[in-house]
Amino acid sequence: MKRSTIPEIISAVFIFLFVYTALSKIFTFHLFAQTLKETPIIGGIADYIAIAIPIIELMISLLLFLPRTRRPGLYSTFVLMFVFTLYIGYMIIFTPQLPCTCGGVIEKMTWTQHLLFNVVFTLLALTAILLTPYKQIIS
């Protein structure tokens, strides 16, 4: 297996994850926005966040899909997953009873399971960044 194959596989996994969760948030938009409004750190800007997150997830998916933009897509993926992981850590510490605002089957996870899931996926994004050949973005 070529070294560039692993980042391609990881990118495909993230494309699936982000498209799946973005569409799930879009299809249940009012519930998603309402749940965000109940979050202490997001509350006042929940409507903007509810619109921005699915758009960001879909934009990152497009970056990951195109070979010339995969590296920026992987960096964006890492940042997004890191921020989501911090958010989940905050929720575990300060408001663990709040339902998850994620989409689809991911919302069925406990907060601790979701934290572990995000840590693993954040590390996957970092792995893909480290294994993506720099030459790929300038060729």
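**Exercise 1. Work out how helix 1 sits against helix 5, starting from the handedness of the crossing.**

Solution. Helix 1 crosses helix 5 in a left-handed manner; left-handed means the near helix is turned anticlockwise from the far one by less than a right angle, and right-handed means clockwise. Before going on, a word on the model: it is predicted, local features need pLDDT of at least 70, side-chain atom pairs count only at pLDDT 80 or more, and totals for chains, interfaces and linings use all residues. Numbering runs from 1 along each chain as its sequence is written, and side-chain values use heavy atoms, with hydrogens and water left out.

Next, the geometry. Helix 1 (residues 5-27) and helix 5 (residues 111-131) pack at about 140 degrees, axes 9 Å apart. Helices here are DSSP runs (H or I, at least four residues) numbered from the N terminus, and axes are lines fitted to C-alpha atoms over the stretch in contact, with angles from 0 to 180 degrees between N-to-C directions. The pair is therefore oblique; under 35 degrees would be roughly parallel, over 145 roughly antiparallel, 65 to 115 roughly perpendicular, and the rest is oblique.

Now the residues. Helix 1 brings Ile6, Pro7, Ile10, Val13, Phe14 and Leu17, while helix 5 brings Phe117, Phe121, Leu124, Ala125, Thr127, Ala128 and Leu131 (contact means heavy atoms within 4.5 Å). Sorted by class, that's 12 nonpolar, 1 polar and no charged residues. Ala, Val, Leu, Ile, Met, Phe, Trp, Tyr, Cys and Pro count as nonpolar, Asp, Glu, Lys and Arg as charged, and the others, Gly among them, as polar.

**Exercise 2. Find how Phe14 and Phe18 pair up.**

Solution. Start with position: both lie in helix 1, 4 residues apart, about one turn of the helix. For Phe, Tyr and Trp (its six-membered ring), centres must lie within 6.5 Å; planes under 30 degrees apart are stacked, over 60 edge-to-face, the rest tilted. The structure holds 6 aromatic pairs.

**Exercise 3. Describe how helix 4 meets helix 3 and helix 5.**

Solution. Take helix 3 first: helix 3 and helix 4 (residues 70-94) pack at about 145 degrees, axes 7 Å apart, in a left-handed crossing. Among the residues that meet are Glu57 of helix 3 and Arg70 of helix 4. The tally is 9 nonpolar, 3 polar and 2 charged.

Then helix 5: its axis comes within 9 Å of that of helix 4, crossing at roughly 160 degrees, which makes the two roughly antiparallel. This contact divides into 18 nonpolar, 7 polar and 1 charged.
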